[in-house]
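Here is a short report on a two-chain model. It starts with one chain and then turns to the contact between the two.

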Number of protein chains: 2
Amino acid sequence: MKKGLAVVLASGGLDSCVTVAVAHQSHDLALLHLNYGQRTEQRELHAFHAIADFYQAPRRLVVSLEHLSFIGGSSLTDRSIPVSEADLVGRSIPTSYVPFRNANMLAVAVSWAEVLGANAVFIGAVEEDSSGYPDCRKEFFDAFSRVVAAGTKPSTRIAIITPVIALRKADIVRQGVALGAPLHLTWSCYQREDLACGVCDSCALRLRGFQQAGVVDPLPYAQKPSYVNA
Amino acid sequence: MKKGLAVVLASGGLDSCVTVAVAHQSHDLALLHLNYGQRTEQRELHAFHAIADFYQAPRRLVVSLEHLSFIGGSSLTDRSIPVSEADLVGRSIPTSYVPFRNANMLAVAVSWAEVLGANAVFIGAVEEDSSGYPDCRKEFFDAFSRVVAAGTKPSTRIAIITPVIALRKADIVRQGVALGAPLHLTWSCYQREDLACGVCDSCALRLRGFQQAGVVDPLPYAQKPSYVNA
């Protein structure tokens, strides 16, 4: 017996795929994908629909937030800014940071949730491995929950749920495997669409996570860092 | 001497025009207009550029949030829902309520402000005359300010400023006149683009405001409620 309907933000990546798997245990799914002019937009959209097909999700919405691209400020959307290579130790904000991206995404999700009568919005943000994006922190989501309570109809009750926020990447991989999530259908690379590059922030975090979980990443890579066993 | 740059949300309506006038006193202007599939989108965009020209604002951004239209739920964007006539006494949420609209708008504004290095976002929301939109209340903007602090870079300081939130419509008209705001260039009607209808929520509030301020509304109307002197 499901607890009602949930809007789940699904990029097509590993973290959001596991988030969909968690949401699927308790809620009927309404899957939301947001394009924002990122370099790998088409590949991510393909992964989104593959994951949605896997879960037989009838409610899907794809929204363009292309303003995040022409506002600029990020290597994800502005091709004049190079994608920084992974800095898994440092605390600097990487060039892939899109200013206030998660607030834009959650605002769309809550609008849709209020219209659908959904009682939850799930988002696969990760705090520890987030490489310093300020809008991936629990503090941000707690503050956003208060905005939802203040800014929707009195009868609306929408919880913002971040099921993987406190997990390390290896734990996300393990949870995905435990829940039977279709990790082979996901896409994480920020840089390429044919083969994952293996060296951008996102690839490096993913590969290290699979490595630490003792699971072989099912995706092919153009190259792998030396610490990853083939 | 200006205090820096401000992003000002400018719909082309009365409240946001006076908000631009207030912001202009203290800040350099970056004017942001958001289309969201509302019935009077083209007329509002025309008013936006006329007001921006009046203030000689070099920085302008027009963003489409068309998902607010196809998500639906509002008479402003869904032509199958009739625009409710004014209920200036009741406390019910009118059919023109677009779910969580102001959160979507503020999210765009803050993204742009962070990229520009602006230190303020001005929005012309009005609490008392807002006919019960939950995302027009001071409580909502206070909560959103905390989201901005939590979700932007540590070096970013962006204040959310609502200069007309506590004013009644008549006071907004008076302030606009006092600041020399181009009220003749504004557009408020939710229903028509040729002549203001005079009977929708927005027209009724506007006409009553001018009436109470003792100022003749410079716009032509298709009809006026009986309480308005010609």
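A residue counts as buried if 20 or more other C-beta atoms lie within 10 Å of its own, with C-beta atoms placed from the backbone. By that rule, 55% of the 230 residues of chain A are buried. The model is predicted.

**Chain A**

Chain A holds 7 helices and 5 strands. Read from the N terminus, its elements run β-α-β-α-β-α-α-β-α-β-α-α. Take contacts in chain A between residues at least 6 apart in sequence: 69% of these join residues at least 24 apart.

Strand 1 of chain A covers residues 5–9. Is this strand enclosed or open? Of its 5 residues, 4 are buried, so strand 1 of chain A is largely enclosed by the rest of the structure. Its pairing partner is strand 2 of chain A, residues 28–35. The two strands pair in the parallel sense, over 5 bridges. One of the bridges joins Leu5(A) to Asp28(A) in strand 2 of chain A.

**Where the chains meet**

The contact takes 32 residues from chain A and 32 residues from chain B. On the side of chain B that touches chain A, helix 3 (67–71), helix 4 (101–116) and helix 5 of chain B each supply at least two residues. The largest share, 10 residues, comes from helix 4 of chain B. By class, this side of chain B has 18 nonpolar, 8 polar and 6 charged residues.

**Helix 5 against helix 5**

Helix 5 spans residues 138–151 in chain A and residues 138–151 in chain B. The two helix axes come within 8 Å and cross at roughly 165°. Angles over 145 degrees count as roughly antiparallel. Therefore helix 5 of chain A is roughly antiparallel to helix 5 of chain B. The crossing of these two helices is left-handed.

Which residues make this contact? From helix 5 of chain A come Glu139(A), Phe140(A), Ala143(A), Phe144(A), Arg146(A), Val147(A), Ala150(A) and Gly151(A). From helix 5 of chain B come Glu139(B), Phe140(B), Ala143(B), Phe144(B), Arg146(B), Val147(B), Ala150(B) and Gly151(B). The residues of this contact divide as 10 nonpolar, 2 polar and 4 charged.

The table sets out the class counts.

Technical notes. Residues are numbered from 1 along each chain as its sequence is written. Chains are lettered from A and ligands numbered from 1 in the order in which they are written. This is a predicted model: local features need pLDDT of at least 70, side-chain atom pairs count only at pLDDT 80 or more; totals for chains, interfaces and linings use all residues. Axes are lines fitted to C-alpha atoms, for helices over the stretch in contact, and angles run from 0 to 180 degrees between N-to-C directions. Angles under 35 degrees count as roughly parallel, over 145 as roughly antiparallel, 65 to 115 as roughly perpendicular and the rest as oblique. A crossing is left-handed if the near helix is turned anticlockwise from the far one by less than a right angle, and right-handed if clockwise. Two residues are in contact if their C-beta atoms, placed from the backbone, lie within 7 Å. Ala, Val, Leu, Ile, Met, Phe, Trp, Tyr, Cys and Pro count as nonpolar, Asp, Glu, Lys and Arg as charged, and the others, Gly among them, as polar. A residue is buried if 20 or more other C-beta atoms lie within 10 Å of its own, exposed if 12 or fewer, and partly exposed in between; C-beta atoms are placed from the backbone. Two strands pair if DSSP finds at least two bridges between them.
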